[in-house]
Amino acid sequence: MAVIPFAEGFMEDISANPYDANLMKSVCNDCGTGFFGTKDRCENCASQDVEQGVLDRDGEIYTYTIQRYPPPEPYKLGSTDRDEWTPRPVAYGEFDGVRFLGLVDGDRQQLEVGAPIELVVEPGWETDDGDEVLIYKFALQENET
Ligand SMILES: [Zn+2]
């Protein structure tokens, strides 16, 4: 059994410390736009002068919603049966100015625009071959205000 990332190009090398892996970003040196994951070309201005780096783990909720319906197949984290579905928060997190979608874990009383979140990497599901797939989530942090 191996531990593998949910997709190529979004996590740094996980061979040493998979559950402590950082997520990756790309920032365009021409227009300054930041992206989730490693990109060879800017999706805003098409420049190829793009620098890749590690995303800061501390961010905030840019916006969010409560997903009240199951996603379509293929979905690996649970049942897609409407009767078994439990509504859950989904958010755009912002880290280093990079915004991307993720599932939200933690105390829902803290869920609001601007709420502090931390990027966490954890086991998501197991493949048919028995490999463990790593996913990321946004963990709500205690809000001091
Ligand atoms: Zn650009």
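**Terms and their grounds**

Reader: What share of the contacts in the protein with a separation of 6 or more comes from residues 24 or more positions apart?

Author: The model is a predicted one. Residues 24 or more positions apart account for 53% of the contacts in the protein with a separation of 6 or more.

Reader: Which elements make up the protein, and in what order do they run from the N terminus?

Author: The protein has nine strands and zero helices. From the N terminus, the order is β-β-β-β-β-β-β-β-β.

Reader: Why is the protein called as compact as a globular protein of that length?

Author: The globule rule gives 15 Å for 145 residues, and the radius of gyration of the protein is 16 Å; the two values are close, so the protein is as compact as a globular protein of that length. Along the principal axes, the C-alpha atoms fill a box of roughly 50 × 45 × 30 Å. Buried residues make up 20% of the 145 residues.

Reader: Is F138 buried or exposed, and how do you know?

Author: A residue is buried if 20 or more other C-beta atoms lie within 10 Å of its own. F138 has 29 C-beta neighbours inside 10 Å, and therefore F138 counts as buried. The residue is placed in strand β9. Leaving out residues up to four places away in sequence, F138 touches A91, G93, G102, V104, D105, I117 and L119. From F138 to V54, 84 residues away in sequence, the C-alpha to C-alpha distance is 16 Å.

Reader: Is T127 buried or exposed, and on what grounds?

Author: T127 has 12 other C-beta atoms within 10 Å, so T127 is exposed. T127 lies in the loop between β8 (116-126) and β9 (132-140). T127 and I4 are 123 residues apart along the chain, and their C-alpha atoms are separated by 9.7 Å.

Reader: Which residues form the largest nonpolar core, and what makes such a set a core?

Author: A nonpolar core is a set of buried residues of the types Ala, Val, Leu, Ile, Met, Phe, Trp, Tyr and Cys, joined through C-beta atoms within 7 Å. The largest nonpolar core has 12 residues: M11, A21, L23, F35, F36, L55, F95, V98, F100, V121, L134 and Y136. At least two residues of this core come from each of β3 (34-36), β7 (98-105) and β9. Apart from this core lies another, of eight residues, including I61, Y64, F138 and L140. As for F95, the residues touched are L55, D56, G59 and L119, not counting those up to four places away in sequence.

Reader: What makes β3 and β4 (50-54) edge strands?

Author: Each of β3 and β4 pairs on one side only. The open sheet has three strands in the order β3-β2-β4, with antiparallel pairing. From one strand to the next, the twist averages 25 degrees.

Reader: How many bridges join strand β5 (residues 58-67) to β8, and how many join β5 to strand β6 (residues 88-95)?

Author: Three bridges join β5 to β8, and these strands run antiparallel. In β8, I117 is the bridge partner of G59. Seven bridges join β5 to β6, again antiparallel. E60 stands opposite E94 in β6.

Reader: Why is A46 called exposed, and why is D96 called partly exposed?

Author: A46 lies in the loop between β3 and β4. A46 has 10 C-beta neighbours inside 10 Å and so counts as exposed, the limit being 12 or fewer. D96 lies in the loop between β6 and β7. D96 has 15 C-beta neighbours inside 10 Å and therefore counts as partly exposed, the class in between exposed and buried.

Note on methods
Residues numbered from 1 in each chain as written. Predicted model: local features only at pLDDT ≥ 70, side-chain atom pairs only at ≥ 80, totals over all residues. Helix = DSSP H or I, 4+ residues; strand = E, 2+ residues; numbered from the N terminus. Rg over C-alpha atoms; globule rule 2.2 N^0.38 Å. Contact = placed C-beta atoms within 7 Å. Pairing = 2+ DSSP bridges. Axes fitted to C-alpha atoms, helices over the stretch in contact; angles between N-to-C directions.
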